Number of protein chains: 2
Amino acid sequence: MNTVVVIGIGLIGGSLALSLRQQGLATRFVGVEANPENARRALELGLVDRIETDLPAAVAAADLVIVAVPMDAMLAVLPQVLDAATARQVVVDVGSTKGQLLAAVADHPNRGRFVAIHPMAGTEYSGPEAAVQHLFAGKTLVVCDAHRSDPDAVQTVENLFRALPMRLLYLDAADHDLHAAYVSHISHITSFALALTVLEKEKEEQRIFDLASGGFESTVRLAKSSPAMWVPIFRQNRTNVLDVLDEHLRQLQELRRLLADEDYDGLRNSIEQANHIRKIIS
Amino acid sequence: MNTVVVIGIGLIGGSLALSLRQQGLATRFVGVEANPENARRALELGLVDRIETDLPAAVAAADLVIVAVPMDAMLAVLPQVLDAATARQVVVDVGSTKGQLLAAVADHPNRGRFVAIHPMAGTEYSGPEAAVQHLFAGKTLVVCDAHRSDPDAVQTVENLFRALPMRLLYLDAADHDLHAAYVSHISHITSFALALTVLEKEKEEQRIFDLASGGFESTVRLAKSSPAMWVPIFRQNRTNVLDVLDEHLRQLQELRRLLADEDYDGLRNSIEQANHIRKIIS
């Protein structure tokens, strides 16, 4: 692999560039970035070697194109990238939802060059400063609807991402979006709501700061996440997110009922059930 | 300080023993532990030098007594400790709720020897194996109703805990319980509910394991917490927890309404509000 073009040099795009470079998997990194300040910072931080403003020219020079823009921009940018792609390029998105995106490019003549992937890793920060080198090592890469991509394109993606190293998991787009709602999107909703709760109830911010311990920070840290990234995700995965959110509201209301009724045996049983998460999350 | 007696050698009691010893703040550590297996492990792990089974004898030999049992046991054990205390001892609890406990000992003849404290630190683990040395360094210690304690007892506690080092914050019991509901107890409720949601929706545990990233683990890790510790906390702080939980349910329902109505500007505004937590939690 010679030249990787990263479109959108933020947390995920920037971290992928750093990781691929560090593993020696590509030699030249070119950035395409709509925000001039982010483009300047990405260069300064060495995430990419140069910035290209002409999208078709950037794609033409690429071996691999990584599209790492928010999901609303993704719906516009990915078709433009595929328009410019030839049999020489492999194109990946790194988006958090897949259904709408894959439907949008289903009939594109270059659909085969595109491999839909979702690296299951991130932080609550965004932009080029948020890029870190070891974000993906040991994590899962979901590959969606791989049968819709050319076998050589899938092979290229498998080789690159296994070398980071990541574990590959193959799902269809509908399954991906459902599971992503459970294990990622709902955590962000609850964290936003928890931050709003505490900010509403605790008018003295200094008091929160003084008292907040690791447990609170842990549950609320995702509430720092960017609306520019998350609103389009919730929008594109709305049905699944609403479904999981309704189940979460039911669970919270049941815990509330047990406490309101002073049913402490019931509360203990529910917490013991919740403790089963220990078997899954080490 | 010569001899510290720790009653209940779990996460908090054990970690305090380790921290006080490491800072050279006391030389002998005696444990009182109702669970024989935990007593054996606490000795093996070097959390305490010996186990004493007779509570009054343990207190008589102590300079400082740390009562670190779950809040239901605390209501029974603290009065027994104060019964055995003299003007020579300082007694602290490390409980997560204060109102009911302080009311229970308000008229005890040795009330002055007791200083109510709450170190704002912990993990989702429990028992002697969970004890770690640096749990408290840099964290806040809440001292409750300090005016009800003898000045020399407060001074002793201030000197010891500032040396760990911890920041001291003085609150009355009612304020403590209200703030603790906001910045600690609600986080546990939401995490238990989130674990129950995912366990209910995701019947394939392997899939959760494969897909769960740092964000999910962060919001759900408190769901590993012990019901033996948390049911008595929720019980003793029931009114505050219900109040904060109702606000949290309102916030979640409002986010749900915005998404159901496809009011994406409203959703963006709410997330921007939630982002204000950045000012408080670094």
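A:Ser270 is found in helix α12 of chain A. Helices here are DSSP runs of H or I with at least four residues, strands are E runs of at least two, and both are numbered from the N terminus. A:Ser270 is buried, at a relative accessible area of 15%. Buried stands for under 20% relative accessible area, exposed for over 50%, and partly exposed for what lies in between (1.4 Å probe, protein chains only). Neighbours within four places in sequence aside, A:Ser270 is in contact with A:Leu255, A:Leu258 and B:Leu196. Contact means heavy atoms within 4.5 Å.

This is a predicted model, in which local features need pLDDT of at least 70 and side-chain atom pairs count only at pLDDT 80 or more, while totals for chains, interfaces and linings use all residues. Residues are numbered from 1 along each chain as its sequence is written, chains are lettered from A and ligands numbered from 1 in the order in which they are written, and side-chain values use heavy atoms, with hydrogens and water left out.

## Where the chains meet

How many residues of chain A are in contact with chain B? The count is 87 residues of chain A, against 87 residues of chain B. The area buried between the two chains is about 8,800 Å². Carbon and sulfur atoms give 69% of that area. Buried area is the accessible area (1.4 Å probe) that two parts lose on being put together, summed over both.

The interface of chain A and chain B holds 4 salt bridges. A salt bridge is a side-chain nitrogen of Lys or Arg within 4 Å of a carboxyl oxygen of Asp or Glu. A:Arg167 and B:Asp210 form a salt bridge through their side chains, at 3.6 Å from N to O. Between chain A and chain B, 24 residue pairs are in polar contact, both residues at pLDDT 80 or more. A polar contact is a pair of N or O atoms within 3.5 Å; within protein, one must be able to donate a hydrogen and the other to accept it, and residues adjacent in sequence count only if both atoms are side-chain atoms.

Several elements of chain A give two or more residues to the side that touches chain B, including β8 (167-171), α7 (173-201), α11 (238-260) and α12 (264-274). α7(A) gives the most, with 18 residues. This side of chain A divides into 44 nonpolar, 21 polar and 22 charged residues. Ala, Val, Leu, Ile, Met, Phe, Trp, Tyr, Cys and Pro count as nonpolar; Asp, Glu, Lys and Arg as charged; the others, Gly among them, as polar.

Helix α12 (residues 264-274) of chain B holds B:Tyr264. B:Tyr264 is buried, with a relative accessible area of 6%. Leaving aside neighbours within four places in sequence, B:Tyr264 is in contact with A:Val231, A:Arg235, A:Arg238 and B:Leu259.

Over all chains, the count comes to 36 salt bridges.

| Pair | N to O distance |
|---|---|
| A:Arg40 and A:Glu37 | 2.8 Å |
| A:Arg221 and A:Glu124 | 2.6 Å |
| A:Arg250 and A:Glu247 | 2.9 Å |

Where do A:Arg221 and A:Glu124 lie? A:Arg221 is in the loop between α9 and α10 of chain A, and A:Glu124 is in the loop between β6 (114-119) and β7. They are 97 residues apart, so the pair links distant parts of the chain. Both A:Arg221 and A:Glu124 are buried.

A:Arg40 and A:Glu37 share helix α2 (residues 36-44) of chain A, 3 residues apart, about one turn of the helix. A:Arg40 is partly exposed at 40% relative accessibility, and A:Glu37 is partly exposed at 42%.

A:Arg250 and A:Glu247 are 3 residues apart in helix α11 of chain A, so about one helical turn separates them. A:Arg250 is partly exposed at 48%, whereas A:Glu247 is buried at 9%. Salt bridges that share partners also join A:Glu37, A:Arg40, A:Arg41, A:Glu44 and A:Glu129 into one network.

## Backbone details

A cis peptide bond joins A:Leu164 and A:Pro165, with omega about -5°. A:Pro165 sits in the loop between α6 (151-162) and β8 of chain A. In chain B, the peptide bond from B:Leu164 to B:Pro165 is cis, with omega near -5°.

A:Asp145 is not a glycine, yet has a positive phi of about 50°. A:Asp145 lies in the loop between β7 and α6 of chain A and is buried at 15% relative accessibility.
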